[in-house]
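Subject: Handover of a structure

Dear colleague,

Please find the structure below, followed by notes on what was found in it.

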Amino acid sequence: MSIEKEEAVEALVARLAAARKGERGALLPLLHDIQHELGRVDGAAVAAVAAELNLSRAEVHGVVSFYHDFRERPAGRHHVQYCRAESCQSRGGAVIEAALAERLRVAMGETRADGQVTLEPVYCLGLCAIGPNALVDGAPVARIDGTAAIERIAATVAA
Ligand code: FES
């Protein structure tokens with residue numbers, strides 16, 4: 001990362017931290033603010049947050065790495081979260097997952113090279129009775145049981 005970009009991240013974090021000055025438990029809300037503004041919480045942001053909140057980088061990194069919502073690199077334009085928990089798996093989830101990844105041309109846990117889509121695992125969406133399930137840009141998609149459902153997801157991702 002260039003010095004200019006690092007300074008821009010520091011300035012952003014300073015502005016966001018100032019907005020939460022005096023708030024108890026400001027770390028998580030501040031990290032969410034940064035994720036929202038930057039699309040990521042990278043090393044420069046971790047260092048800036050540590051400085052702003054008088055924490056160690058290790059403390060901030062520990063929180064960032066614990067919560068899957070925080071990412072070091074921005075997600076793709078579309079975000080597909082596919083359920084890998086037991087109920088969806090028992091309904092053929094692994095086979096569907098492989099077909100979905102192939103159709104979307106992206107490996108699980110990755111963002112496609114053109115930045116169009118990120119495919120990530122999620123562990124239970126609370127819709128177990130109608131799985132296999134996914135969230136596509138935050139909207140639930142249930143009964144992903146074949147080509148038609150996969151094509152609907154692919155059409156959303158292509159938009
Ligand atoms: S196991 Fe997939 S939604 Fe619960």
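A residue is called buried here when its relative accessible area is under 20%, exposed when it is over 50%, and partly exposed in between, with a 1.4 Å probe and protein chains only. The model is a predicted one, in which local features need pLDDT of at least 70 and side-chain atom pairs count only at pLDDT 80 or more, while totals for chains, interfaces and linings use all residues. Residues are numbered from 1 along each chain as its sequence is written, and side-chain values use heavy atoms, with hydrogens and water left out.

Glu120 is the residue to begin with: its relative accessibility is 18%, and therefore it counts as buried. Glu120 belongs to strand S3, residues 117-122, where helices (H or I, at least four residues) and strands (E, at least two) are DSSP runs numbered from the N terminus. Its side chain makes a polar contact with the side chain of His79 at 2.7 Å and another with the side chain of Arg71 at 3.0 Å. A polar contact is a pair of N or O atoms within 3.5 Å; within protein, one must be able to donate a hydrogen and the other to accept it, and residues adjacent in sequence count only if both atoms are side-chain atoms. Counting contacts in general (heavy atoms within 4.5 Å), and setting aside residues up to four places away in sequence, Glu120 touches Arg71, His79, Val80, Gln81, Tyr82, Met108 and Gly109.

Helix H4 and strands S1 (78-83), S2 (110-111) and S3 each supply at least two residues of the lining, and the largest share, four residues, comes from S3. By class, the lining has seven nonpolar, eight polar and six charged residues, where Ala, Val, Leu, Ile, Met, Phe, Trp, Tyr, Cys and Pro count as nonpolar, Asp, Glu, Lys and Arg as charged, and the others, Gly among them, as polar.

Of its 159 residues, 41% count as buried, and along its principal axes the C-alpha trace spans about 50 × 30 × 25 Å. Among contacts with a separation of 6 or more, 60% are between residues 24 or more positions apart.

Helix H2 (residues 27-38) has twelve residues and reaches 16 Å from its first C-alpha to its last, close to the 16 Å expected at 1.5 Å a residue, that expected span being 1.5 Å times one less than the number of residues. Leu27, Leu30, Leu31, Asp33, Ile34 and Gln35 are buried in H2, and the buried residues of this helix pack against H1 (3-19), H3 (43-53) and H4 (57-66). Val64, in H4, is buried with a relative accessible area of 6%; leaving aside neighbours within four places in sequence, Val64 is in contact with Leu31, Val41, Val46 and Phe70.

Some backbone geometry deserves a check on your side. Most residues other than glycine have a negative phi, and most peptide bonds are trans. Asn54, in the loop between H3 and H4, has a positive phi of about 55° although it is not a glycine, and at 72% relative accessibility Asn54 counts as exposed. Arg143, in the loop between strand S5 (139-141) and helix H7 (147-158), has a positive phi near 50°. The peptide bond from Gly131 to Pro132 is cis, with omega near 0°, and Pro132 is found in the loop between S3 and strand S4 (134-136).

With best regards
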